[in-house]
Amino acid sequence: MVLHSVRSLLASLLGLLALIAATGEETPPLGLVSVEHPASNPLTEAKRLLGEKLFFDKMLSRDGSISCATCHKPEEAFAEQGAVRSKGVDGKLGRRNTPSLFNVAFAKNLFFDGRSTSLEEQAWEPILAEDEMGNVSEEKVLERLRVSEAYRGLFKRAFGNDEPSKETVAKSLACFQRTLLSGSSAYDRWNAGKPALSEAAHEGYQLFIGRAQCWQCHPLNSEASVLMTDHSFHMTGVPISEVTDEPATDLGRFEVTEEPIDRLLFKTPSLRNVALTPPYMHDGSIATLKEVVEFYNVAEGAGEVLPLGLSEVEVDALVAFLESFTGERVSDFSKD
Ligand code: HEC
Ligand code: HEC
């Protein structure tokens, strides 16, 4: 009798834990909020595992040479450090800098021009892009997955059907990416009342929310701004060449809306882990964080930003503050 009730207590505890794991109702890392998995694609462990396998699988590319992780390297905050632009199949250079996928669950617009609004919708873009994974059709990819021993049973476990489809590949990749969280940065700890900011970073914070006006597009301190972005599009004056010589070939948001007012507007990116993902801006044209701040400091007036007139010490303070956004869990992924 006693044994029985201990057993049933254990069983219900395990059930509860499984439910917590399945619904993702864990406490989010400090500074983040709970991830909202869409009702049409709830988090399950089988789906997450399948998505992880697909993310690291070079079989997804036309010639078996690259995976999502070739450009979004787990040990480099799911971006590619030092690469202005990443190389796809046949060494083809892409047109934009690779963003970090940490905390992408909270992004409202995907890509620098916001042409996708959900991870499910986004998933096939890199698989089919000629300068990324280079496949000529979805069917070719699905065919390879269908005959692969390595995937036998995995689609069935995740979706109850062993036949991989366009939809189930997208759903599992999306599900996996929504679990890539990184918070508990020095900034978050300080924000939660634990003193973890250097004096320079604290001075940088004051500039960020004050004279340097960064908060206008990179808001802090509200649930809506877990990513330090307004989720909108702005003209900062990059590419700088537009001001000086050649016309821009990347028109940013305009390419999606075709509204003249959107010409050269780009998405305000997340600033979490920004110190780990040089170079910067949609075209990777600025090599270091210090140069980004110097760029804002002497803004040419081509964009929405005005010159700031900060001293060298103030520039360094802003950089120290940006460095305080580096979160935890940035290096506990090691697969390729
Ligand atoms: C060849 C390099 C490369 C490969 C391979 C690649 N990506 Fe990307 N990824 C990029 C670049 C570059 C961008 C930015 C493109 C843009 O803004 O137009 C990007 C953007 C994204 C974004 C949007 C992030 C944001 O915050 O806007 C997601 C999500 C993403 N990739 C997921 C994936 C997945 C999933 C795969 C594999 C199926 C993949 N990527 C394969 C280079 C790559
Ligand atoms: C008018 C809106 C606006 C203001 C004000 C602004 N930013 Fe930005 N920020 C952006 C946009 C948009 C981008 C992306 C530009 C691009 O990709 O070409 C960006 C990019 C960045 C990046 C590069 C991120 C990456 O991963 O490439 C950093 C760092 C940054 N901003 C920091 C700051 C700081 C520090 C300030 C204050 C001095 C500031 N921003 C003020 C809109 C703004």
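Which residues in H13 meet which residues in H14? In this predicted model, the H13 side of the contact is made up of Leu289, Lys290, Val293, Glu294 and Asn297. Their partners in H14 are Glu312, Val315, Asp316, Leu318, Val319, Leu322 and Glu323. Sorted by class, the residues of this contact comprise six nonpolar, one polar and five charged.

The geometry of the pair can be described next. Two packed helices are described by the angle between their axes and the distance between the axes. For H13 and helix H14 (residues 312–323), the axes come within 9 Å and cross at roughly 125 degrees. An angle from 65 to 115 degrees would count as roughly perpendicular, and one over 145 as roughly antiparallel; H13 and H14 are therefore oblique to each other. The crossing of these two helices is right-handed.

Polar contacts can be followed atom by atom here. Two of them involve an oxygen atom of ligand 2: a backbone N or O atom of Met281 lies 2.8 Å from an oxygen atom of the ligand, and a polar side-chain atom of His282 lies 2.6 Å from an oxygen atom of the ligand. On the side of Tyr296, an N or O atom in the side chain is 2.6 Å from a nitrogen atom of ligand 2.

What surrounds ligand 1? Its shell has 25 residues, with Cys68, Cys71, His72, Phe111 and Phe112 as the closest. A polar backbone atom of Phe111 is 2.6 Å from an oxygen atom of ligand 1. Nitrogen atoms of the ligand take part as well: one is 3.1 Å from an N or O atom in the side chain of Glu132, and a polar side-chain atom of Gln122 lies 3.5 Å from a nitrogen atom of ligand 1. The elements that give two or more residues to the shell around ligand 1 are helix H3 (68–71), helix H4 (119–122) and helix H5 (124–128). The classes in this shell are twelve nonpolar, eight polar and five charged residues.

How values were computed:
Residues numbered from 1 in each chain as written. Chains lettered and ligands numbered in written order. Predicted model: local features only at pLDDT ≥ 70, side-chain atom pairs only at ≥ 80, totals over all residues. Heavy atoms only, no water. Polar contact = N/O pair within 3.5 Å; in protein donor to acceptor, adjacent residues only side chain to side chain. Axes fitted to C-alpha atoms, helices over the stretch in contact; angles between N-to-C directions. Helix = DSSP H or I, 4+ residues; strand = E, 2+ residues; numbered from the N terminus. Parallel < 35°, antiparallel > 145°, perpendicular 65-115°, else oblique. Left-handed = near helix turned anticlockwise from the far one by under 90°. Contact = heavy atoms within 4.5 Å. Nonpolar A, V, L, I, M, F, W, Y, C, P; charged D, E, K, R; others polar. Near = heavy atom within 4 Å.
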